[in-house]
Amino acid sequence: AKVALCACPDYNPDNVASAVDRAVTLCGGMERFVRPGQRVLLKPNMLSAAPLERRVTTDPAVVRAVGKLVLKAGGRIIIGDSPAIDKVSRISRVNGIKEVAVELGADLIEFCRPTLVKTPRGSIYHALELEETVLNADVVINLPKLKTHCMMLLTMGVKNLFGAVVGPRKSQWHMHAGTDRIMFADLLLDICRTLKPALTILDGVWGMQGRGPNNGTPCHLGFLAASRDPLAMDLAIAPLLGVHPASFPLYNAAVRRGLARSDGSGTQMVGDDPSQIFPKDFQLPVLESVMPMPGFLSGLIRRHLTSRPVQDPDLCRDCGKCAAVCPPESLRFVAAHRAVIDHLTCIRCYCCQEVCPADAIHFKTGALVGIVERLRAVMPY
Ligand code: SF4
Ligand code: SF4
């Protein structure tokens, strides 16, 4: 697969348009993906209604530039997502995507029609409930934002497609697969293989580092990337951010399933020189660092070893989002600003931290983690 990397210093509309055009051209040109009259679904990251400067969502300049190329190719545009808590209408008003949708004459929708679909051969999950609009689109163009992710280390092309899982069903999946990062990575891979986006264009002009995907710090990276293969893109970009492949759940799942080669061969980077773009000090999540464990440390024991969520009442704004999103209902409020978390039933899905607008939920490393880390040093697995 080819991954095109194009420097883009800022969100100036002309700079973004030129970088998007160049990246898409390196992938074969928009006409290769979109034919006149086709319904083209653009799927940006619209996680929450955070101000644009926090770099939580795909920048509207990227959506606009891609949308213009789609219109030029004769496509009809739908822009949609299924945010974990907020509504698309509010998020798009705050981040400017609503204005872009009007400008492009696009329908802006909230995913709310889950449809059962069979997954392709070789999937771990045989059927998935995914948004009907995405399944019925002639072409899906995936527009992720580059961010760290406290559960999956990074969110880029593959993880962005989890947005096709409709609202409340996200929690059910977190409940089902959320305790195991590799199992969750398998789910993400199956969603990606089912939706088969024609093109993925990654917004890495400004990304998020640290405690992503909602509470990290903005990080200027200055690039856009495009590829027909979101998995190839994610696996090519992760090492450039300082990620050791073995610590990236998506890499482990993809290699185990034969969807990627462990040596990265088969992926061709084209465009600008990565060494001129990527910083040496990109901050990956630390508290929730991915910690593969031996197989026998599963279930309950694993839960005692993984980081535990703790809530800071002093920062809490009482919005209730954490309790609403918690799949096993382990988090509840006993007084204003004060939540209690049942750590026995908590599945460590990191949803509460992801949705908290006040960065009031942190993860505390388990006391036994040090022992496991020492075991890892002497045990081959
Ligand atoms: S308390 Fe937080 S981490 Fe635990 S299950 Fe609930 S949402 Fe997930
Ligand atoms: S901890 Fe965060 S998400 Fe939960 S109620 Fe407080 S501010 Fe809202």
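Student: Does D186 count as buried or exposed?

Tutor: Keep in mind that this is a predicted model. Buried means under 20% relative accessible area. D186 has a relative accessibility of 6%, so it counts as buried.

Student: Which residues is D186 in contact with, leaving aside its neighbours within four places in sequence?

Tutor: I124, Y125, A253, R256 and R257.

Student: Where does D186 lie?

Tutor: In helix α8, which covers residues 181-195.

Student: How do I read the span of α8?

Tutor: Set the distance from the first C-alpha to the last against the expected value at 1.5 Å a residue. The 15 residues of α8 reach 21 Å, close to the 21 Å expected. Just after α8, K196 takes a positive phi of about 45 degrees.

Student: How many residues of α8 are buried?

Tutor: An α-helix has 3.6 residues a turn, so residues three or four places apart point the same way. In α8, 12 of the 15 residues are buried, so this helix is largely enclosed by the rest of the structure. Among them are R181, F184, D190 and C192.

Student: Which residues are closest to ligand 1, and what classes make up its shell?

Tutor: Of the 13 residues that surround ligand 1, the closest are C326, C346, I347, C349 and C352. The shell has 12 nonpolar residues, no polar ones and 1 charged residue.

Student: Which residues come nearest to ligand 2?

Tutor: C316, C319, G320, C322 and C356, out of 13 around ligand 2. By class, the shell of ligand 2 has 9 nonpolar, 2 polar and 2 charged residues.

Terms used:
Residues are numbered from 1 along each chain as its sequence is written. Chains are lettered from A and ligands numbered from 1 in the order in which they are written. This is a predicted model: local features need pLDDT of at least 70, side-chain atom pairs count only at pLDDT 80 or more; totals for chains, interfaces and linings use all residues. Side-chain values use heavy atoms; hydrogens and water are left out. A residue is near a molecule or strand if one of its heavy atoms lies within 4 Å of it. Ala, Val, Leu, Ile, Met, Phe, Trp, Tyr, Cys and Pro count as nonpolar, Asp, Glu, Lys and Arg as charged, and the others, Gly among them, as polar. Helices (H or I, at least four residues) and strands (E, at least two) are DSSP runs, numbered from the N terminus. Buried means under 20% relative accessible area, exposed over 50%, partly exposed in between (1.4 Å probe, protein chains only). Contact means heavy atoms within 4.5 Å. The expected span of a helix is 1.5 Å times one less than its number of residues.
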